Amino acid sequence: MITVLYRSSDVVADCLRSVEAAASAAGMELQIILVDNNPGDGTADAAIEAVSHATLITNEVNVGFGRACNQGFEVAEGDWWLLLNPDATVAVDTLGVLVDFMASHRRVGAVAPSVLGGGQGLAESAGMQPGLRAGVGHFLLANRLLLDDRGGPWRGLFLHRRPSLGPRPAEWVSGGAQLLRPSAIQDVGGFDPRFFLYAEDMDLGGRLAKAGWESWLLPSTTVQHSIAASSGGLTDRWYVALHDYYARGASRPSIVLFDLVAALGMAVRALTTPRHALHRKRMWVGARAAMRLAWATLQGQR
């Protein structure tokens with residue numbers, strides 16, 4: 001297990017104990033690797049108090065999520081590597097279900113449980129690669145017209161939450177809760193450290209697919225996640241990272257159009273969800289970021 005620590009002193013003990021319980025239920029040995037990206041905030045102390053046998057890697061500065069995970073990969077052992085955010089807790093059957101699936105599907109490089117809470121609503125923390133049609137499907141809610149996630153790229157960025165469908169292939173799964181096959185991660189070189197936070201999981205999923213590895217979502221087991229408990233609250237970093245990831249392989253007109261679609265969709269959501277103050281604020285923050293990035297792209301500044 002690899003967990004990146006950041007401002008989670010009040011929840012990390014619950015996270016680690018839930019994984020220990022899941023490992024015990026599955027009859028598995030557990031190696032816990034903690035990578036501290038914010039020394040001095042008390043999170044590492046709380047984690048070591050909860051599980052004294054953990055390996056602790058301390059960074060003097062916040063090196064970002066992907067780079068911290070790569071540090072964990074360098075010392076990780078065992079047949080499977082679990083990534084889990086410190087503000088998440090796993091169900092008691094989670095490890096057993098994920099490992100059994102991966103062990104019986106040799107080309108699966110990443111598999112994830114269904115993530116509950118954290119503002120997910122009807123969306124899974126897994127989905128499709130970004131594109132213009134995916135942006136329309138997601139931000140303008142066109143995907144709600146599609147049944148059973150049909151419609152190819154028009155499905156949007158996230159799979160709809162439909163646990164009755166069973167195991168489902170995805171183009172990426174959340175870095176905050178996923179089981180990885182070490183050989184697959186070694187094959188693609190781990191996370192791209194250029195992504196400080198957000199979109200690193202989309203990038204990893206894309207590179208795994210190019211290397212012939214599959215990513216899957218297993219809705220039959222769950223992780224409970226606390227929204228923004230370890231990311232510092234409201235931020236536009238998630239959209240900036242999404243923009244930068246999409247912009248790597250798209251033309252300037254496509255990038256601008258993607259940003260405008262995103263800005264329009266988030267502004268409409270902000271105006272039509274007055275009872276959900278946090279969600280409304282997140283949408284306004286994202287919409288402003290999308291407009292700023294569209295203008296910067298037009299000016300050739302990005």
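Reader: Is the crossing of H8 and H10 left-handed or right-handed?
Author: The crossing of these two helices, H8 and H10, is right-handed. Handedness is defined by the near helix: if it is turned clockwise from the far one by less than a right angle the crossing is right-handed, and if anticlockwise, left-handed. Helices (H or I, at least four residues) and strands (E, at least two) are DSSP runs, numbered from the N terminus.
Reader: What should I keep in mind about the model itself?
Author: This is a predicted model, in which local features need pLDDT of at least 70 and side-chain atom pairs count only at pLDDT 80 or more, while totals for chains, interfaces and linings use all residues. Residues are numbered from 1 along each chain as its sequence is written, and side-chain values use heavy atoms, with hydrogens and water left out.
Reader: At what angle do the axes of H8 and H10 cross?
Author: The angle is roughly 35°, and the axes of H8 (residues 237-247) and H10 (residues 277-298) come within 9 Å. Axes are lines fitted to C-alpha atoms, for helices over the stretch in contact, with angles from 0 to 180 degrees between N-to-C directions.
Reader: Which residues make the contact between H8 and H10?
Author: H8 contributes Trp238, Tyr239, Val240 and His243, while H10 contributes Gly286, Ala289, Ala290, Arg292, Leu293 and Thr297. By class, six of the contact residues are nonpolar, three are polar and one is charged. Here Ala, Val, Leu, Ile, Met, Phe, Trp, Tyr, Cys and Pro count as nonpolar, Asp, Glu, Lys and Arg as charged, and the others, Gly among them, as polar. Contact means heavy atoms within 4.5 Å.
Reader: His243, then: buried or exposed?
Author: His243 is buried, with a relative accessible area of 2%. Buried means under 20% relative accessible area, exposed over 50%, and partly exposed in between (1.4 Å probe, protein chains only).
Reader: What does His243 touch?
Author: Not counting residues up to four places away in sequence, His243 touches Ile255, Asp259, Leu293, Thr297 and Arg302.
Reader: And Arg292, with which side chain does it form a salt bridge?
Author: Arg292 meets Asp236, at 3.1 Å from N to O. Arg292 lies in H10 and Asp236 in the loop between strand E12 (214-225) and H8, so the pair ties together parts that are 56 residues apart in sequence. Both are partly exposed, Arg292 at 43% and Asp236 at 23%. A salt bridge here is a side-chain nitrogen of Lys or Arg within 4 Å of a carboxyl oxygen of Asp or Glu.
Reader: How many salt bridges does this rule give?
Author: The count comes to five. One of the pairs is Arg161 with Glu124, whose closest N and O atoms are 3.3 Å apart. Arg161 is in the loop between strand E8 (158-160) and strand E9 (168-170), and Glu124 is in strand E7 (residues 123-127), so this pair links parts 37 residues apart in sequence. Glu124 is buried, at 0%.
Reader: What about Asp203, which residue is its partner?
Author: Asp203 pairs with Arg207, with the closest N and O atoms 2.9 Å apart. The two residues are four apart in helix H7, and therefore separated by about one helical turn. Asp203 is buried, at 6%, whereas Arg207 is partly exposed, at 22%. There is also a network of salt bridges that links Asp192, Arg194 and Arg248.
Reader: Changing topic: how many residues has the largest nonpolar core?
Author: It has 32 residues, and Met1, Leu16, Leu84 and Val111 have the most contacts inside it. The largest share, six residues, comes from H1. A nonpolar core is a set of buried Ala, Val, Leu, Ile, Met, Phe, Trp, Tyr and Cys residues joined through side-chain atoms within 4.5 Å.
Reader: Which residues is Val111 in contact with?
Author: Leaving aside neighbours within four places in sequence, Val111 contacts Leu98, Phe101, Met102, Gln178, Leu179, Trp216 and Leu218. Apart from this core lies another, of 28 residues, including Phe65, Cys69, Met128 and Val173.
Reader: Lastly, where is Ala199?
Author: Ala199 sits in the loop between helix H6 (182-188) and H7 (200-210). At 8% relative accessibility, Ala199 is buried. Beyond four places in sequence, its contacts are Ala241, Leu242 and Tyr245.
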